[in-house]
There are 2 protein chains.
Amino acid sequence: MKRILIIGAGRSSSILIKYLEEYSKTYGWKMTAGDLDINLVKEKVSASTRAIAFDVFNEHQLNTEVQEADIVVSMLPARFHPLVALSCLKYSRSMLTPSYESHEVSEMKTRVKSQGILFLNEMGVDPGIDHMSAMQVIDRIREQGHELLSFETFTGGLIAPGSDNNPWHYKITWNPRNIVLSGQEGPARFVQEGTFKYIPYHRLFRRTEVIDIEGYGKFEGYANRDSLKYIEKYNLQGVPTVYRGTLRRPGFCRAWDVFVQLGATDDSYIMHHTENMTYKEFINSFLYYSREDPVRTKLYQYMHIDQDSDVREKLEWLGIFDNTKIGLKDVTPAQILEHILCRKWALQPDDKDMLVIWHRIIHRDKSKNTPAMHTSSMVVTGDDPVNTAMSKAVGLPLGIAAKMVLTGQIKLSGVYIPTVKEIYEPVLRELVTHGIEFKEKIVPVV
Amino acid sequence: MKRILIIGAGRSSSILIKYLEEYSKTYGWKMTAGDLDINLVKEKVSASTRAIAFDVFNEHQLNTEVQEADIVVSMLPARFHPLVALSCLKYSRSMLTPSYESHEVSEMKTRVKSQGILFLNEMGVDPGIDHMSAMQVIDRIREQGHELLSFETFTGGLIAPGSDNNPWHYKITWNPRNIVLSGQEGPARFVQEGTFKYIPYHRLFRRTEVIDIEGYGKFEGYANRDSLKYIEKYNLQGVPTVYRGTLRRPGFCRAWDVFVQLGATDDSYIMHHTENMTYKEFINSFLYYSREDPVRTKLYQYMHIDQDSDVREKLEWLGIFDNTKIGLKDVTPAQILEHILCRKWALQPDDKDMLVIWHRIIHRDKSKNTPAMHTSSMVVTGDDPVNTAMSKAVGLPLGIAAKMVLTGQIKLSGVYIPTVKEIYEPVLRELVTHGIEFKEKIVPVV
């Protein structure tokens, strides 16, 4: 009897738990799911799963639970994975996570391999499904002997058109803290037509490009973290353009940039006297002093926002000039901004989210010696605010991979991200049966 | 016989060494000066001083030398002071530095006090002379019973008018690395008319104000680090405006901001392929890709620099569009920019630098109940590229303080910055005899 340990029962875990509970019936597996908040677990599991209060910093509990499991899926915030990984190393247990492979976990490579276990990271979405679908196309192009000229990929966690009823065309469909901090992981890095490019955070949201996805309209994309890392991971050495991006609806980035320019997304210091500060005073603390100008006037003047700009509508709609008190103590600007956004961008009971992935790959045809553009896109919509598209797209690949490791369909050992055929082929195939499918199109480049 | 240990023999140490050698003759003190590069020491000392090759990471050497000294002056980069401080604690030796008091050193407060020794930081200039001259005025105003309404102070290490022959009106008169990184220590923080204000780094150089100093013309000032820290240090609780700033000549900041906006001052990551990269390609790596536009055009377009803007002249003069190779490997953008600047902003043999400090303090007169503005300014010019104004303004206060500790004129123990009368009164008095003098003026505020 195989045993599965799932750590973390946040929003992204609901579909994962459901999926693995389903297969546990078939295979007779035993599941344990734990979270600091046991009620969060209880909401998500059926009677067959053991729900526990779990504290990753309780070393004894961590070791006991890991030792009793055959496989561990860590849904904790990324910074806690190394702790889980160390325990998994200790008891030779495989570990799956949806997070970016951290430096600490990368360094465990040799020990993981020698123990015959698998640490599979970036197995959700952005990173995850995007890796798998991209590599499938890239590998196919290469197998046909064509030369890769350009690889671009964009992912966005957005709101479905039917629930899109605010001027930002955006709601909180994933971790709100990460929404506020998006782009702050160092400069965005990529290679374009052979030139390495670097965009500092304070310019990121003004360097967007427009993307049109058939049936879903226009989006704008901004560069996502360090694309250069993926040259090696995707085996794209020498390819002139390699770019990973994040999608928003058009107009979002320019308005968001106002917060970036102000310094309102800064998470590095505690502001003074925030408890009795109003939203308007929060904004004012980033503006020049004036005896006469109201805060609104100062902001529009400082940011060169014209009277007819749609940025005004977006900012006004958020209520940033309200005299509402923040009521939070010892917080950073980013935490205050998150607080303001959560009030307005919350998913409503009838809301559905939408996840979009779009790849654009250009290759030079081996026989015709002409370039051809390959687009591949996926759009998934959530069922409701619990069973979101994001939860499906994170939970299903993880669940499928966990199942395949337990049933022996995936036999790899070592530290991996899902860029290898042995993982992406069966996982993508099963994802189709769950409605997660890519539409491909090849057109000649004029 | 008292012994003095001076660690670090960079540019700022020359006057310090000369000053203490002079008084060593009078008092029969014995001096040791050390630096990683012993030749740097030998250039600066006379035969009476023991010159040694000194490595702060050589714990044995550090402990031996500290133990043999009565007082230690650390001229090392700020990050090394805690190492020296630990050794000074071990052997109960007083330590003087020109650097900002670090968190690590602050935390040694109780132990330093209980050992009866003195750790005196911020004893050069900005921080240093500025503290002393400001506190002298502030204390005097308070003793007269007036109410403080506003405290602003600006310091700039600049080039003397006679040597000012480039469009930036700037040359490297102090640590070039710190010139490039200036402003990156977190958001600038200050209080203005009772409102706490925060300026992120990427906005800092566009939030300047103009200052006119009689006989020296106009300057522009930008906010310097965390002024809020000085509310406590200067005892300015409740004062509506507290602002510390850095001075440049007008037009500097707007042009410098181009590098900030590009991301060219970023010191957090290593760029790719910099060895064979040209200056122009360095600039291009921060710009959008274009099949047609030359780098120069892209930069001016991206930064909205009009054809008649003086920013163009400044940038062109630096040679940033040259095809000169950088020739450096594994370097950050900030290191490359420093390399480009050093070529053009180097002090020439006949050049003289200039140090400017300017305070503006407003108080409400006790008897007349009207506000009055108090300005206090100091301008010091260097003798040559070795005996710079900066070297005098850093070395003299340190030397004077060291002398006064050794002769028992300063009897304090604990961790201090020179905001106490016992230090600033005698030091400022002696500085006047070296030509470092403040001109004061009081005018009513209209």
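Chain A puts 32 residues in contact with 32 residues of chain B, contact being heavy atoms within 4.5 Å. This is a predicted model: local features need pLDDT of at least 70, side-chain atom pairs count only at pLDDT 80 or more, and totals for chains, interfaces and linings use all residues. Residues are numbered from 1 along each chain as its sequence is written, chains are lettered from A in the order in which they are written, and side-chain values use heavy atoms, leaving out hydrogens and water.

Interface first. Chains A and B bury about 2900 Å² between them, with 54% from carbon and sulfur atoms. That is accessible area (1.4 Å probe) lost on putting the two parts together, summed over both. A:Tyr198, A:Arg203 and A:Tyr289 supply 23% of what chain A buries against chain B, more than any other three residues.

How many salt bridges cross the interface of chain A and chain B? The rule finds 0; it asks for a side-chain nitrogen of Lys or Arg within 4 Å of a carboxyl oxygen of Asp or Glu.

Now the sheet. Chain B has an open sheet of 7 strands, order 3-2-1-4-5-6-15, paired parallel. Strands are DSSP runs of E, at least two residues; helices are H or I, at least four; both are numbered from the N terminus. Pairing takes at least two DSSP bridges. The edges are strand 3 (50–53) and strand 15 (414–416) of chain B.

Inside, strand 5 (94–96) and strand 6 (118–120) of chain B pair over 2 bridges. B:Leu96 has B:Leu120 as its bridge partner.
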